[in-house]
Amino acid sequence: MSAARRGLSWSGPSSQLNRLKLLQHDKPSHQEDASPDWNALLCDVARQDRAAFAALFAHFAPRVKSYMLRLGSDPMQAEELAQEALATVWRKADRYDPARAAASTWIFTVARNLRIDAFRRRNHPEPDPNDPALIPDPPASADMVVSHKQDATRIRKALAELSDDQREVLQLSFFDDQTHTQISQTLGIPLGTVKSRIRLAFGRIRNLLEDEE
Amino acid sequence: MKSEHIDMSIQHHPDDELLVGHAAGELPEAWSVLVATHSALCLDCRARVYAAEAVGGALVADACPVEMKDGALEGTLARALEPRADTTTRAVGTRAEMRDTKPIFPQPLRDYAGGDLDGLRWRRLGRGAYHIPLVSGRGAPTARLLRIPAGRPVPEHGHNGLELTMVLRGSFTDGGQRFGVGDVETADTDLEHQPVAAPGEDCICLAVTDAPLRFRGVFARLVQPFIGI
Ligand SMILES: [Zn+2]
């Protein structure tokens with residue numbers, strides 16, 4: 001399997017071993033259980049509410065900057081991309097649907113797409129919700145709005161319950177611009193192990209998300 | 001795991017690690033085109049991509065904050081309020097909204113193909129098969145459309161890496177399994193596979209490969225250097 005799949009050579013900068021040390025900062029914590037309702041604030045931003053935007057900005061901009069730094073931006077570029085991401089949040093907030101995703105999820109996808117655009121000069125291919133060829137999602141319910149409010153908290157809890165190994169491969173995938181092949185080199189483990197860890201970690205998170213819905 | 005899939009008409013899905021890689025923004029473009037195209041037709045994989053994006057969201061929410069520059073908020077707002085055109089670029093092609101009939105290709109694929117199935121310019125591949133390259137680059141995974149004539153095999157081939165084939169119209173069988181619209185076949189180097197299009201209708205697929213295919217037929221070997229597959 002590992003040799004067979006080795007060809008999955010995802011492009012990206014070479015491994016950044018030193019970054020591994022930063023991972024420990026991201027150990028999941030429960031510090032934000034009393035945090036504001038970001039989803040509601042993001043809906044307020046869609047109505048051009050500047051105070052809501054300022055609150056979102058204060059929380060998310062420094063974290064998006066951190067994400068960009070970790071993914072290999074220099075500090076100026078990271079600042080620039082974080083500002084651009086939050087400007088995009090303002091402009092596109094009317095497309096945010098709290099029945100479909102948590103605010104943190106939506107902001108992550110905005111930042112991710114900007115990064116792909118900035119570094120790879122291309123778009124991130126995604127299904128278009130208005131496409132007549134798309135099989136539509138089942139209708140959203142009020143329950144789903146409530147449920148997505150808990151997403152970040154639940155995922156944080158799920159991450160805390162993963163083994164260190166499993167959490168590490170997820171963090172490397174999302175945060176260090178490492179392909180699965182590069183992760184296997186960084187950690188000195190076979191590619192098949194990287195993939196099975198990702199699959200197991202993701203399966204456990206999905207189970208936890210579904211159990212509590 | 002795969003038995004949980006809701007939409008029973010689709011039986012074969014891309015592996016979870018591809019969905020997670022797509023959500024993380026780490027997949028090469030060719031793989032991402034296939035994941036996005038499949039997700040447009042597969043509710044379950046779309047939900048899995050959402051779940052993986054939620055993991056990304058939770059990780060960003062938990063990242064160590066790095067202080068923004070003075071005046072960053074004001075600067076960002078000024079930038080946000082600048083009038084500008086939506087920068088989303090779409091390939092020239094028929095937007096679905098303007099059509100009477102439902103398109104065959106879902107939206108992310110229409111962007112790459114420059115339109116829907118009916119307006120394509122196919123290139124001859126030999127043995128009645130045709131193709132259209134969509135994403136290619138030196139050493140990077142390639143994506144292309146394949147048209148296999150009804151009842152005929154794809155020229156026998158092995159390959160150097162992973163190959164994913166998603167059915168867009170018609171169906172094919174391979175190794176005793178049937179692949180219909182929306183299904184994704186995952187083939188490894190080890191697998192000497194031989195998809196055969198079902199009779200009655202040409203089979204149109206989106207094929208993504210890591211490495212150039214090594215066609216076995218003498219004819220295919222002769223033309224391979226020229227058609228760049
Ligand atoms: Zn699927």
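Which side chains meet in a salt bridge with an N to O distance of 4.0 Å? They belong to B:Glu29 and A:Arg122. Because B:Glu29 sits in helix 2 of chain B, while A:Arg122 is in the loop between helix 5 (103–120) and helix 6 (142–149) of chain A, this pair joins two chains. A:Arg122 has a relative accessibility of 11%, so this residue counts as buried. Please keep in mind as we go that this is a predicted model.

Let us stay with the contacts between chains for a moment. B:Asp62 and A:Arg156 form another salt bridge, with their closest N and O atoms 3.0 Å apart. Here too the pair crosses between chains: B:Asp62 is in the loop between helix 3 (43–61) and helix 4 (72–81) of chain B, and A:Arg156 is in helix 7 of chain A. Both partners can be called buried, B:Asp62 with a relative accessible area of 10% and A:Arg156 with 3%. Helix 7 of chain A, which covers residues 151–161, also holds A:Arg154. With a relative accessible area of 8%, A:Arg154 is buried. From A:Arg154 to A:Met144, ten residues away along the chain, the C-alpha separation is 14 Å. A network of salt bridges links A:Glu80, A:Glu84, A:Arg91 and B:Arg79. Over all chains, the structure holds 22 salt bridges.

Stepping back to chain A, we find it divided into domain 1 (1–14 + 35–126) and domain 2 (150–213). The centres of these domains of chain A, taken over C-alpha atoms, are 19 Å apart.

Now for the sheet in chain B. Six strands make up this open, antiparallel sheet, in the order 1-2-3-10-5-8. Strand 1 (123–126) and strand 8 of chain B are at the edges with a single partner strand each, so one side of each has no neighbour in the sheet. On average, neighbouring strands of the sheet are turned by 30° against each other, direction ignored. Helix 2 (residues 29–41) of chain B packs on this sheet and touches strand 2, strand 3 (140–148), strand 5 (163–169), strand 8 and strand 10 (203–209) of chain B. The direction of helix 2 makes about 40° with that of strand 5 of chain B.

B:Arg124 stands opposite B:Tyr130 in strand 2 of chain B. Is B:Glu185 buried or exposed? B:Glu185 counts as buried, because its relative accessibility is 5%. Beyond its neighbours within four places in sequence, B:Glu185 is in contact with several residues, among them B:Phe172, B:Phe179, B:His193 and B:Pro195.

A salt bridge within chain B is worth a look as well: B:Asp202 and B:Arg147 bring their closest N and O atoms to 3.5 Å. They lie 55 residues apart, with B:Asp202 in the loop between strand 9 (196–197) and strand 10 of chain B and B:Arg147 in strand 3 of chain B. B:Asp202 is partly exposed at a relative accessible area of 30%, and B:Arg147 is partly exposed at 21%.

Finally, a word on confidence. The predictor gives the complex an ipTM of 0.84 and a pTM of 0.84. Chain B has a mean pLDDT of 83, with 77% of its residues reaching 70 or more. Residues 1–7 of chain B have a pLDDT below 50, and this stretch has 16 contacts in the model beyond near neighbours in sequence. The pLDDT is also below 50 over residues 89–97 of chain B, a stretch with 21 such contacts.

Methods
Residues numbered from 1 in each chain as written. Chains lettered and ligands numbered in written order. Predicted model: local features only at pLDDT ≥ 70, side-chain atom pairs only at ≥ 80, totals over all residues. Heavy atoms only, no water. Domains from an automatic or database assignment. Buried < 20%, exposed > 50% of the residue type's maximum accessible area, 1.4 Å probe, protein only. Contact = heavy atoms within 4.5 Å. Pairing = 2+ DSSP bridges. Helix = DSSP H or I, 4+ residues; strand = E, 2+ residues; numbered from the N terminus. Axes fitted to C-alpha atoms, helices over the stretch in contact; angles between N-to-C directions. pLDDT = per-residue confidence, 0-100.
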